[in-house]
Amino acid sequence: MRRETTERNGDMTILVTGGAGFIGANFVLDWLAAGDEPVVNLDKLTYAGNLQTLAGLARDARHHFVQGDICDRARVDDLLEVHRPRAIVHFAAESHVDRSIHGPGEFVRTNVEGTFTLLESARAYWRALGDEARTGFRFLHVSTDEVYGSLAAADAPFAESHPYQPNSPYSASKAASDHLVRAWHHTYGLPVVTTNCSNNYGPYQFPEKLIPLMIVNALAGRDLPVYGDGRNVRDWLYVGDHCAAIRRVLAAGTPGETYNIGGWNEIANIDIVHIVCRLLDELQPAAEGPHERLIRFVADRPGHDRRYAIDARRIERELGWRPAETFESGIRKTVRWYLDNPGWVADVQSGAYREWIGTNYGSRNGAAA
Ligand code: NAD
Ligand code: DAU
């Protein structure tokens, strides 16, 4: 195998996993826009990974893309040995709750076994580093607020001390990965930091998730499927703000600690759908009438968490991070982006995408509210 190195004259490098997915790719693009430190990007290119998102970096020597699986220990060992990163930022995961209900096995494999493999590889690499590099090394684990379970309407938002109560195969697998990361710090001293973030939205999000699904369906004149009564609440954060928070935690977070990241932006699903419809009515009106005519209440998601809300005071107090976007500014940018990038949208709606839509929505027909 030909070995290349991105370590030139002591330059620093980071290894990103899952950097062809929604948040990972936004992170890589923002990282290279903000500075010159190279990125090695390890991604398996599952249905959710898309190199088209990174097309602007095709000739950029600072970006080194490697197609591979985080469960492949030899591959990860080799990448660490060759590129000698000062940090690993771990995004790679199976990320969609509905898919975890239909097929949990891949979630356990990638999210649990994959994180374990990465931790073991990182531990061996880190142990062999010189003193200075060992002290500076970071393993940043990107996780979710879903590990905390579901809140009642009057409950306080999730703080970092909230007990873990995951309810879906997805959140259970992410919770398991968080526990592994924590244990590798406490037992072996690996300098880890974990972030638990709320719902992201923004450019390049795969249209299986609520906001991009509603945008692409509305533009195509298809039904807008709202689960249950539509009153489930999520705390929404623009993806660029999440990426900025991760950069801040990487730079200044304390090893062994966790940081909750959120937008102070609790919105019920049905209200999100109305906001998207009204923006589309303004930016691209449909001849048939307002996009809200397409809203359909459908059978609920099994085990559907009612409410998530993040208490993001710790990252603000200790690291000085706050979201820059309001929901109004972020959602307008997002809708505009999907309108301006029909080629990206068409490409991700392949045969496999249509198959998934059939699997998830085919059996949900009928009003549920
Ligand atoms: P995504 O599904 O869009 O992307 C996941 C990426 O990981 C894809 O590029 C995929 O090809 C890659 N991948 C999957 N399995 C892999 C494997 N075995 N080896 C290597 N690469 C693999 O996910 P996302 O929404 O960008 O989420 C990224 C991370 O952030 C996940 O860990 C997720 O749990 C977490 N997170 C997401 C949100 C959100 O709202 N989307 C919020 C909080 C936390
Ligand atoms: O909270 C962080 C999590 O947010 C991340 O960890 C996950 O990776 C990410 O997928 C997201 O999980 P959710 O399940 O909250 O996101 P999703 O976009 O799938 O759904 C948002 C809400 O909208 C949820 O209450 C279910 C509802 N929904 C979703 C879809 C796809 C609908 O009503 N209709 C739909 O068709």
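1. Asparagine 50 touches Ala20, Leu45, Trp344 and Val348, leaving aside residues up to four places away in sequence; contact here means heavy atoms within 4.5 Å. The model is predicted, so local features need pLDDT of at least 70 and side-chain atom pairs count only at pLDDT 80 or more, while totals for chains, interfaces and linings use all residues. Residues are numbered from 1 along each chain as its sequence is written, ligands are numbered from 1 in the order in which they are written, and side-chain values use heavy atoms, without hydrogens and water.

2. Asparagine 50 sits in the loop between β2 (39-43) and β3 (63-67); strands are DSSP runs of E with at least two residues, and helices runs of H or I with at least four. Asparagine 50 is buried, at a relative accessible area of 14% (buried: under 20%, with a 1.4 Å probe and protein chains only). A polar atom of its side chain lies 2.9 Å from the backbone nitrogen of glutamine 52.

3. Among the 25 residues around ligand 2, those that come nearest are Asp145, Tyr170, Arg301, His304 and Tyr361. The shell divides into 10 nonpolar, eight polar and seven charged residues. At least two shell residues come from each of α3 (97-102), α7 (210-220) and β8 (224-227), and β8 gives the largest share, three residues.

4. Oxygen atoms of ligand 2 approach side-chain N or O atoms: 2.7 Å for threonine 144, 2.5 Å for aspartate 145 and 2.7 Å for asparagine 199. Taken alone, ligand 2 exposes 690 Å², of which the protein buries 95% (Shrake-Rupley method, 1.4 Å probe).

Definitions and conventions. Buried means under 20% relative accessible area, exposed over 50%, partly exposed in between (1.4 Å probe, protein chains only). A polar contact is a pair of N or O atoms within 3.5 Å; within protein, one must be able to donate a hydrogen and the other to accept it, and residues adjacent in sequence count only if both atoms are side-chain atoms. A residue is near a molecule or strand if one of its heavy atoms lies within 4 Å of it. Ala, Val, Leu, Ile, Met, Phe, Trp, Tyr, Cys and Pro count as nonpolar, Asp, Glu, Lys and Arg as charged, and the others, Gly among them, as polar.
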